[in-house]
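Q: Could you take a close look at the side-chain contacts here, the ring pairs and the charged pairs? I'd like the cut-offs along with them.

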Amino acid sequence: MTNRLYYQNPHLHEFDSVVQEVLPPANGQSRPAVILRETAFYPTSGGQVYDTGWLTTDSRGKVRVAEVADTEDGRIVHYLEAPTNLVSGDPVRGKIDLERRRDHMQQHSGQHVLSAAFIEQYQIPTVSFHMGDDYCSIDLTTPSLTAEQIVGAERRANEIVFENRPVTIRFVSRAEAEKLGLRKLPPADRDELRLIEVADFDLSACGGTHVSATGQIGSILLRKTETVRQGMRVEFVCGGRAVRTTRRDFTALSESAKLFSTHLGDVPEQIRKTFDDAKLLRKQRDEALEELAGAIASAALNEQPEIHGRRIVVRVFDDRDVSFAKLFAQKVVRAGVPAIALAAGAMDPPGVVFAQSAGGTADMGALLKQALATVGGRGGGTRDFAQGGVPAGSDVPMLLRQAADTIAA
């Protein structure tokens, strides 16, 4: 079992140890790994991700630790970025990526404070915690969260941060822990529990790395909320991440304000106005296209003589897509006279539409499949309406003329 130095001193980022075992690459991986007698590297567990850093020896050089994992037998595996010439018994000096460790301490400690704030303010417990590269999240056992609850929990959590309350570590027996009123008691699989206490605010069992005072968290910023199977998920960032996220958001908002020639606070209203204007323009465009399709359909019907009691209208729109061809075909067959429309939109991707007036004797679905088979196209439909796509470069006018000839025969 590896001696976990971070249990007692989460701020330790350099340490001396001895290689106990070198593990060859396994399960198709190219990375070797080592087991150390003791380590300050934190392995992925409890929602917190692993540390990275370096191992150095006087005689064998320096190798990067790319990932750290916990095994069922209590050993910690340090996966190395490159092949190594380390051997069992080598003395090594470990150095943890301090910036990454500090970030993890801020996020994990911030989670404890935030979860306690939701309990204190709204009696909403946390059931799980996840730490990602860009953001963290907690899942809460509640069917919904109001904007007031989000703001209230964030405000209370930051009050605890600004008060710079001490964060301490202690080890107790499970029997003792059961009497202390922990926010969440872990499963009964350990006789001794490591407790993290935020003075007069939160007491939790946890094996992660934490700050020594809440002021080191910096700040806690709540972000997105969404419904998940367990209840509600709240995304948040703390400390340096909160600063970087706020800077990124401010930059994006400032650029948006510049584009709209307005103040930052007026950007949402400008966006709403732009959406409303775009919606109106789309409506006007759709109405204009419908009028255009109707006018073209009316003119085409007037120009087309009757054949066997119906009019067959064939039209290829070189500068329109298949949606306009569909609109045109619908106008033709709903004009009040028996008609068949064979239309195509040539703009990428090209497509064809076959339609007939209700009660027509032809089968548009069968006709379309027959026509598309000649060019390798795909499509289908009903007796009165069918639509399909044709490969680029196909002779669409010829395809429609052949279909018209089939109907007229």
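A: Here is a walk through the aromatic contacts, then the charged ones.

This is a predicted model, with local features needing pLDDT of at least 70 and side-chain atom pairs counting only at pLDDT 80 or more, while totals for chains, interfaces and linings use all residues. Residues are numbered from 1 along each chain as its sequence is written, and side-chain values use heavy atoms, with hydrogens and water left out.

Rings first. Searching the whole structure turns up six aromatic pairs (rings of Phe, Tyr and Trp, using its six-membered ring, with centres within 6.5 Å; planes under 30 degrees apart are stacked, over 60 edge-to-face, the rest tilted). One of them is Tyr6 with Tyr7, edge-to-face at 5.2 Å centre to centre and 75° between the planes. Both of these tyrosines, Tyr6 and Tyr7, are buried (under 20% relative accessible area; exposed is over 50%, partly exposed in between, with a 1.4 Å probe and protein chains only). Phe317 and Phe328 also count as edge-to-face, because their ring centres are 5.1 Å apart and their planes sit at 75°. Phe317 is in strand S17 (residues 310–317) and Phe328 in helix H6 (residues 322–333), so this pair ties together parts 11 residues apart in sequence. Helices (H or I, at least four residues) and strands (E, at least two) are DSSP runs numbered from the N terminus. Phe317 and Phe328 are both buried.

Arg64 has its charged end over the ring of Trp54, 4.9 Å from the centre (NZ of Lys or CZ of Arg within 6 Å of the ring centre and within 35 degrees of the ring normal). Arg320 has its charged end over the ring of Phe324, 4.9 Å from that ring's centre.

Now the salt bridges: the whole structure has 26 (a side-chain nitrogen of Lys or Arg within 4 Å of a carboxyl oxygen of Asp or Glu). Asp90 and Arg60 make one at 2.5 Å, N to O. That pair links distant parts of the chain, 30 residues apart: Asp90 is in the loop between strands S7 (76–80) and S8 (91–96), Arg60 in the loop between S5 (53–57) and S6 (61–70). Asp90 counts as buried at 10% relative accessibility, whereas Arg60, at 31%, is partly exposed.

Arg272 and Glu269 bridge at 3.1 Å, N to O. They are three residues apart in helix H5 (residues 267–303), so about one helical turn separates them. Finally, shared partners join Glu14, Asp16 and Arg93 into one salt-bridge network.
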